[in-house]
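Hi everyone, thanks for making time this morning. I'd like to walk you through one model, so please have a look at it while I talk.

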Amino acid sequence: MNTKTFLTTHGIIYAVFGLGLFFIPNLLWPNYGLELNDKYAVFLSQHTTIFLLGIAIISFLFRTVEEKSIYARKILTGLLWTNILGVIITLYAIYKGIFYGFGWSDPAFFTLMSVLSYIKLKQNK
C-alpha cells in the first residue's frame, strides 16, 4: 500500500469514529461499557472529536507527501506514536474496569493501526 492510500485510509477511519462520537455518542459508548449520564459526559465525548478529526485532517493533508521523504517518515512516526498511546490508554481503561463489553475492540484497533503504521514506516525508509 502506498503512502497516499495508507494516509487516506487512516484519515477516513479516524473521521468516521470522530463523527460518530460527536453525533451519536449515546449509541456508541454503551457498547464499551460507558454510560453518558449527563450533558457533561456527552460534551466530553464530543470534545474528543477535536483530536480524532484533527488526526484525520492531518492524515488527509499529508496524503500527497512524497514517498520515502523525510516528511512522510515524520507523519508516519507521529501516527505510530499516536496509535501506541491509544493501545496504552485503552488497555488501562480495561484494566481499571472502565471498558468492558465491546471495550476489547479499542486496544485491538489501536494495535492494528500501530502495526500498520510501523509496517508503512519501515517500507518508507
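Predicted model: local features only at pLDDT ≥ 70, side-chain atom pairs only at ≥ 80, totals over all residues.

Let me begin with the nonpolar surface patch, where α3 gives the largest share, 3 residues. The patch covers about 610 Å² and is made by Ile57, Ile58, Leu61, Phe62, Ile70 and Tyr71.

Now to the aromatic side chains. Any pair of rings can be described by two things, the distance of the centres and the angle of the planes. How many aromatic pairs does the count come to? The count comes to 9 aromatic pairs. In one of them, Tyr14 and Phe109, the ring centres are 6.1 Å apart and the planes sit at 50°, so we call this pair tilted; an angle over 60 would have made it edge-to-face, and one under 30 stacked. What I like here is the sequence separation: Tyr14 belongs to helix α1, residues 3–23, while Phe109 belongs to helix α5, residues 105–123, which puts the partners 95 residues apart. And are these two buried or exposed? Both Tyr14 and Phe109 are buried.

Next comes Tyr32 with Phe99, another tilted pair, with 5.6 Å from centre to centre and 45° between the planes. Here both partners are in loops: Tyr32 is in the one between α2 (25–28) and α3 (39–61), and Phe99 is in the one between α4 (70–95) and α5, 67 residues apart. Tyr32 and Phe99 are both buried as well.

That pair is part of something with more members. Which residues do ring pairs link into a cluster? They are Trp29, Tyr32, Phe99, Phe102 and Trp104. Let me stay with Trp104 for a moment, which is in the loop between α4 and α5. With a relative accessible area of 53%, Trp104 is exposed, because the cut-off for exposed is over 50%. For a sense of distance, the C-alpha atoms of Trp104 and Ala41 are separated by 21 Å, and these residues are 63 apart along the chain.

On to charges. Side chains of opposite charge can pair when their charged atoms come close. In this model the count is 1 salt bridge. Who are the partners? Lys120 and Glu67, with 3.1 Å from N to O between their side chains. The bridge connects distant parts of the chain, with Lys120 in helix α5 and Glu67 in the loop between α3 and α4, 53 residues apart.

Last stop, and we remain in helix α5, where Ser114 is found. Why does Ser114 count as buried? Because its relative accessible area is 9%, and buried means under 20%. Leaving out residues up to four places away in sequence, Ser114 touches Leu80, Asn83, Ile84 and Val87. With Asn83 there is a polar detail too: a polar atom of the Ser114 side chain lies 3.4 Å from the backbone oxygen of Asn83.

That's my tour, and I'm happy to take your questions.

Conventions. Residues numbered from 1 in each chain as written. Heavy atoms only, no water. Phe/Tyr/Trp six-rings, centres within 6.5 Å; stacked < 30°, edge-to-face > 60°. Helix = DSSP H or I, 4+ residues; strand = E, 2+ residues; numbered from the N terminus. Buried < 20%, exposed > 50% of the residue type's maximum accessible area, 1.4 Å probe, protein only. Polar contact = N/O pair within 3.5 Å; in protein donor to acceptor, adjacent residues only side chain to side chain. Contact = heavy atoms within 4.5 Å. Salt bridge = Lys/Arg side-chain N within 4 Å of Asp/Glu carboxyl O. Patch = residues over 30% accessible without salt bridge, like charges linked within 9 Å, V, L, I, M, F, W, Y side chains within 5 Å. Areas by Shrake-Rupley, 256 points an atom, 1.4 Å probe, with all protein chains shown as cover.
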